[in-house]
Amino acid sequence: SIIKETRQEEYLRQAVRYIENNYADEITVSGIASHVGLDRSYLYSLFQRYLQITPKSYLTRYRMTKAGELLRTSLTIGEVAHSVGYSDPLLFSKAFKREKGKTPSNYRRDLEKNL
């Protein structure tokens, strides 16, 4: 039914908004689910159904997009890591490379070359 659809979309919107507002903190999928008032696996199924991505992947992708923007600034890689919710710069670098195909320092170097 259309009402159920709308409620599901509203839950999804709330979850996405929560990620956008809190990605800099060490948030988890469980934390997102409880914020929205949903079971973790139900949240997972909503993300899969509407966005074809897991909540964790969505969070990581969002963080790495923000990190890409921050790498244009003079922040150190460590500061960028902390700014997008990673306490460990090494874990951040690995996640960034997985998502963007290059390390944060190579990404920054390529940005500077293209200026």
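Helices (H or I, at least four residues) and strands (E, at least two) are DSSP runs, numbered from the N terminus. This is a predicted model, in which local features need pLDDT of at least 70, side-chain atom pairs count only at pLDDT 80 or more, and totals for chains, interfaces and linings use all residues. Residues are numbered from 1 along each chain as its sequence is written, and side-chain values use heavy atoms, with hydrogens and water left out.

**Exercise 1.** Find which residues K102, D110 and K113 pair with in salt bridges, and what the pairs form together.

*Solution.*
Step 1: Recall that a salt bridge is a side-chain nitrogen of Lys or Arg within 4 Å of a carboxyl oxygen of Asp or Glu.
Step 2: Start from D110, whose closest N and O atoms with K102 are 2.7 Å apart, a salt bridge.
Step 3: D110 also forms a salt bridge with K113, here at 3.5 Å. D110 and K113 lie three residues apart in helix α7 (residues 104-113), so about one helical turn separates them.
Step 4: Because they share partners, these salt bridges join K102, D110 and K113 into one network.

**Exercise 2.** Describe the salt bridge between E99 and R61, and say how exposed each residue is.

*Solution.*
Step 1: The two side chains meet at 3.2 Å, N to O.
Step 2: Locate the partners: E99 sits in helix α6 (residues 89-100) and R61 in helix α4 (residues 55-70), so the pair links distant parts of the chain, 38 residues apart.
Step 3: Partly exposed means between buried (under 20% relative accessible area) and exposed (over 50%), using a 1.4 Å probe and protein chains only. E99, at 31%, is partly exposed, and R61, at 46%, is partly exposed too.
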